[in-house]
Amino acid sequence: MKKTHFVAFSLVTVLLSGCATTTSPSASGVERKQFMMLSEAQVVSMSTESYLATLQEASKKKTLNTNPAQVKRVRTISQKLIQQTVHFRQDALNWKWEVNVEQNDQVNAYCMPGGKIMVYTGLIDKLKATDDELAAVIGHEIAHALREHGRERMSIAYAQQAGLLGLAVLAGTSKNQNAAAVGVQAAALGSTLFFALPNSREQEREADRMGLELSARAGYNPNAAVSLWQKMSQQGGSAPPEFLSTHPSNEARINELKSMIPSVMPLYRATQK
Ligand SMILES: [Zn+2]
C-alpha cells in the first residue's frame with residue numbers, strides 16, 4: 001500500500017472508531033452515528049461548572065427561582081419528561097438532573113449536557129405557555145442532552161480547528177491519548193462552545209422527533225409543539241426571541257412537526273386512559 005493511501009485508510013479508521021450513537025432509537029427512530037472526540041465525563045463536568053456559575057450569578061442578582069408556584073410547575077413537568085428518558089438511554093435516570101427557573105425576559109430555555117435545565121420566565125410569561133407547550137420545549141431540550149449534541153458540536157469544532165484527526169494518524173497516538181490532550185484545551189472553552197455553536201439542522205430534527213416522543217409518553221399532548229412554534233414565530237418583531245436565533249421557526253419546521261406527530265399520538269392516547 002502506498003504511504004498516502006495508508007494515511008487515508010488510517011484516517012477513515014480513526015473517524016469510524018470515534019463514531020457511535022448515544023441513544024436507542026425507541027419509537028422516534030433516531031439512530032444517526034455521531035463523531036465524538038471529547039469524553040462524555042469531560043463535557044458533563046465542564047457543563048456542570050458553567051451551570052453552577054450561572055446559578056450563583058442569578059442567585060446574587062435575586063433572579064433565581066423567584067416564583068415558587070412557577071418553579072414547582074416547571075419542575076413537575078420536567079420530572080415527568082425525565083422519567084421517560086429511559087426509553088432512549090438507560091443511564092439517563094442516574095444523571096444529576098437539575099431544573100431551575102431564571103427571571104429573564106428572553107424567550108429561552110436550555111438543557112446542558114448531563115441534565116442541567118434552565119427555563120427563562122420570558123418563555124412562560126410572554127408566550128403564555130400551557131403545560132403541554134412547556135413540555136414541548138423542555139422535551140426538545142432534554143432530547144438535545146440525551147443525544148449529546150453539545151458534545152458532538154464541541155468534538156467537531158476541535159477536530160476542525162486543530163486538524164487533530166490527521167495529527168493523530170501521523171503520530172500514531174491512540175484515540176484515548178489524543179482525546180485527553182484535546183480535553184485540556186476543551187476545559188477552557190467548553191461552555192463557551194456549548195452556547196456559541198448552533199445545533200445543526202439535523203440535530204434540531206432529532207431533538208424535535210425525540211422531544212415529541214418524550215412529551216407523548218409523559219402524557220402531554222404532542223400537538224402543543226405546533227402551537228408553541230406558532231406562538232414563538234408571532235413573537236418575532238424587531239427583536240426576535242433568543243430561542244428563535246438558534247431554533248429558526250419557519251413553515252417548513254412546523255410542517256415537519258405536523259408530519260411527525262401522528263406516529264407518537266398512540267403513546268399519548270395510552271396515557272389518557
Ligand atoms: Zn433545539
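Biologist: Let's start with Ile142: why does it count as buried?

Modeller: Ile142 has 27 C-beta neighbours inside 10 Å, and the cut-off for buried is 20 or more, so Ile142 counts as buried. Keep in mind that this is a predicted model.

Biologist: Noted. Which helix is Ile142 in?

Modeller: Ile142 is part of H5, the helix that covers residues 131–146.

Biologist: And what is Ile142 in contact with, leaving aside neighbours within four places in sequence?

Modeller: Leu81, Ile82, Thr85, Cys111 and Leu214. There's also a C-alpha to C-alpha distance for Ile142 and Pro113: the two are 9.0 Å apart in space and 29 residues apart in sequence.

Biologist: Leu81 and Ile82 are on that list. What's the geometry between H3 and H5?

Modeller: H3 and H5 pack with their axes 10 Å apart, at an angle of about 55°. That angle makes H3 oblique to H5. As for handedness, the crossing is right-handed.

Biologist: Which residues make that contact?

Modeller: From H3 you get Val74, Ile77, Ser78, Leu81 and Ile82, and H5 brings Asp131, Leu134, Ala135, Ile138, Gly139 and Ile142. By class, the H3 contact with H5 splits into 8 nonpolar, 2 polar and 1 charged.

Biologist: How does the span of H3 compare with what it should be?

Modeller: It agrees. H3 runs over residues 68–83, and its 16 residues at 1.5 Å a residue should span 22 Å; the end C-alpha atoms are 22 Å apart, so the two values match.

Biologist: What does Ala136 touch, not counting residues up to four places away in sequence?

Modeller: Gly211, Ser215, Ala224, Ala225 and Leu228. And although Ala136 and Leu212 are 76 residues apart along the chain, their C-alpha atoms are separated by 6.8 Å.

Biologist: Now for H9. At what angle does it pack with H12?

Modeller: About 30°, with the axes of H9 (residues 201–217) and H12 (residues 251–271) 9 Å apart. The cut-off for roughly parallel is under 35 degrees, so H9 is roughly parallel to H12. H9 passes H12 in a right-handed crossing.

Biologist: Who meets whom between H9 and H12?

Modeller: On the H9 side it's Asp208, Arg209, Leu212, Glu213, Ala216 and Arg217. They meet Glu256, Leu257, Met260, Ile261, Val264, Met265, Leu267 and Tyr268 in H12. The classes in the H9 contact with H12 come out as 9 nonpolar, no polar and 5 charged residues.

Biologist: Last topic, the whole chain. How many helices and strands are there?

Modeller: The chain has 12 helices and 5 strands. Of its 273 residues, 41% are buried.

Biologist: And among contacts between residues at least 6 apart in sequence, what percentage join residues at least 24 apart?

Modeller: For those contacts in the chain, 74% join residues at least 24 apart. The Ala136 and Leu212 pair we talked about is 76 residues apart along the chain.

Key: Residues are numbered from 1 along each chain as its sequence is written. This is a predicted model: local features need pLDDT of at least 70, side-chain atom pairs count only at pLDDT 80 or more; totals for chains, interfaces and linings use all residues. Axes are lines fitted to C-alpha atoms, for helices over the stretch in contact, and angles run from 0 to 180 degrees between N-to-C directions. Helices (H or I, at least four residues) and strands (E, at least two) are DSSP runs, numbered from the N terminus. Angles under 35 degrees count as roughly parallel, over 145 as roughly antiparallel, 65 to 115 as roughly perpendicular and the rest as oblique. A crossing is left-handed if the near helix is turned anticlockwise from the far one by less than a right angle, and right-handed if clockwise. Two residues are in contact if their C-beta atoms, placed from the backbone, lie within 7 Å. Ala, Val, Leu, Ile, Met, Phe, Trp, Tyr, Cys and Pro count as nonpolar, Asp, Glu, Lys and Arg as charged, and the others, Gly among them, as polar. A residue is buried if 20 or more other C-beta atoms lie within 10 Å of its own, exposed if 12 or fewer, and partly exposed in between; C-beta atoms are placed from the backbone. The expected span of a helix is 1.5 Å times one less than its number of residues.
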